[in-house]
Amino acid sequence: MQLTQDEGKTWTDVTPPELTPWSKVTHIEASHSDAGTAYTAVDRHRLEDYRAHLYRTRDFGKTWESVSSGIPDGSFLNCVREDPVRKGLLYACTEKGVYVSFDDGDDWQPLQLSLPVTSVRDLVVHEDDLVIATFGRSLWVLDDVTPLRQMDAHVAAADAWLFRPGAAYRVRPGGDQGTPVPMDEALASNPPEGAAVDYYLKQKTSGPVQLEILDSEGKLVRRFASNDELRKTDPKDVEFPMQWVRDPQPLSAEAGMHRFVWDLRYPLAQSVHTTYWGPAGPLAAPGNYIVRLTANGKSSSQPLTIKIDPRVKATQAELTRRFELASRLAARLGEVSSAIQQAGELRKQIETRKKESGGYAELQQALAALEKKIEVPAVPDSEADFGLFGLAMPGEVNPPLPRVASALTGMLTIVESADAAPTADAAAASEKWEASAQGALARWTALQKEEIVSVNASLQKANFKPLKIEQTPKR
């Protein structure tokens, strides 16, 4: 091992004295944070010495110390790297996997995760990702090592710890709805789409774990809990094998390290009917947010930054206009969908009361008259259906609730389809359909206050259970 401090004019032998001939120096890593510090990996397996030989100097090679505690025999070294962000965070690639040290090499532990036991020949830290090259097992990537950079004694001692998430890029997934790549093709998983939030639990929590996303003003954007009932994709909604479908995963309340990915979307109302293809809630605008973790009654928060896709040329003002319109459409869609659910439940109650009141002719007539006034979903007319490839204005004076819901779904999908300000046509059509939604909701409210109240009076007079409209819970 030779050292130069004058750009190659003169060299000094700084070989550790413990090294004997035929010891192969596989890698020397100069520290990113200290000029006099370096690390070297030495391979002696050709001499039938399969131990990990790792050395550290802090005085430009004048003295060296062995720092391989925790790396077992048989895992001889191929390389060592220092993290470019956190001082003292080291990665070692060995013949049987990857190891990590949080204390400048004094102690090591496996960083194996899903990596098979294989010879790791080289390793590089690319921004926030760890990329390794193996012998015969391809390239592997550990996405987002920011939690490793924050690991310290405080984390180990805490009952629960929320790591500061790295910046999330607001990148839209492909939307061509093409056939997925066949499983027999060689491919690797893409990194998760959205903001990766890492947290640690020392023990399984006694109650649900909750994760909240707040905007810069402290307003709630999204709430997740470990006891959420998540939607599962219906196989009938997709035209390809279910093995390609990746349904949302629940927040974990088990002990250990966990990663949860927020898709950067606001929620839709629980009443909105969604499928694998959508609709989806509005995409959050670029900016500053807050992540809050609550476990065992204690909360902690960390800042989160959402950055715009560098390929997008829209201004912040244009994206804000898009978000505001999408939010209004999503809110109206939730209200209309809730009314449709309530109308469907009301129809079921009416059918039950009609069977119960067979001997009451006037009551039967009142129930039948009320039933006719309910805007019930019908088989959609293909000519009147809302098309995503053309904007349609309301063609009726008072379009029914199902027609309004279909139109709002289409308008939301159109507005959300691009990172740009809404077009004039989209804004005009949205305004018309929002007005139609207000009219349909007003008719539904009037039906509850007038018609249902009148029928309930007759039902109670005849000692029958009144009709009841249940409020749909929000998501």
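Visitor: Which residues are linked here in a network of salt bridges?

Guide: Arg56, Arg58, Glu65, Asp104 and Asp106 form that network. A salt bridge here is a side-chain nitrogen of Lys or Arg within 4 Å of a carboxyl oxygen of Asp or Glu. The structure holds 31 of them. Please keep in mind that this is a predicted model, where local features need pLDDT of at least 70 and side-chain atom pairs count only at pLDDT 80 or more, while totals for chains, interfaces and linings use all residues. Residues are numbered from 1 along each chain as its sequence is written, and side-chain values use heavy atoms, with hydrogens and water left out.

Visitor: What makes Asp419 and Arg170 a salt bridge?

Guide: Their side chains come to 2.6 Å, N to O, and the limit is 4 Å, so the pair qualifies. This pair links distant parts of the chain, 249 residues apart: Asp419 is in the loop between α5 (401–415) and α6, and Arg170 is in strand β15 (residues 168–170). Helices (H or I, at least four residues) and strands (E, at least two) are DSSP runs, numbered from the N terminus.

Visitor: Are Asp419 and Arg170 buried or exposed?

Guide: Both are buried. Buried means under 20% relative accessible area, exposed over 50%, and partly exposed in between, with a 1.4 Å probe and protein chains only.

Visitor: How do you know that Lys348 is exposed?

Guide: Its relative accessible area is 53%, and exposed means over 50%, so Lys348 is called exposed. Its salt-bridge partner is Glu345, with the closest N and O atoms 3.6 Å apart. Glu345 has 44%, which makes it partly exposed. Both lie in helix α3, three residues apart, about one turn of the helix.

Visitor: Which residue forms a salt bridge with Glu335?

Guide: That is Arg332, the closest N and O atoms being 2.7 Å apart. Glu335 and Arg332 are again three residues apart in helix α3. An α-helix has 3.6 residues a turn, so residues three or four places apart point the same way.

Visitor: Which residues of α4 are buried?

Guide: Leu363, Leu367, Leu370 and Glu371 are. They cover an arc of only 105 degrees around the axis, which puts them on the same side of α4; the arc is that of the directions from the helix axis to the C-beta atoms. On the other side, Ala361, Glu362, Gln365 and Lys372 are exposed.

Visitor: What makes β11 and β12 a pair of strands?

Guide: Two strands pair if DSSP finds at least two bridges between them. Strand β11 (residues 120–126) and β12 have six, in the antiparallel sense, so they count as paired. Four bridges join β12 to strand β13 (residues 139–142), also antiparallel. Ala133 has a bridge partner on each side: Asp122 and, in β13, Leu139.
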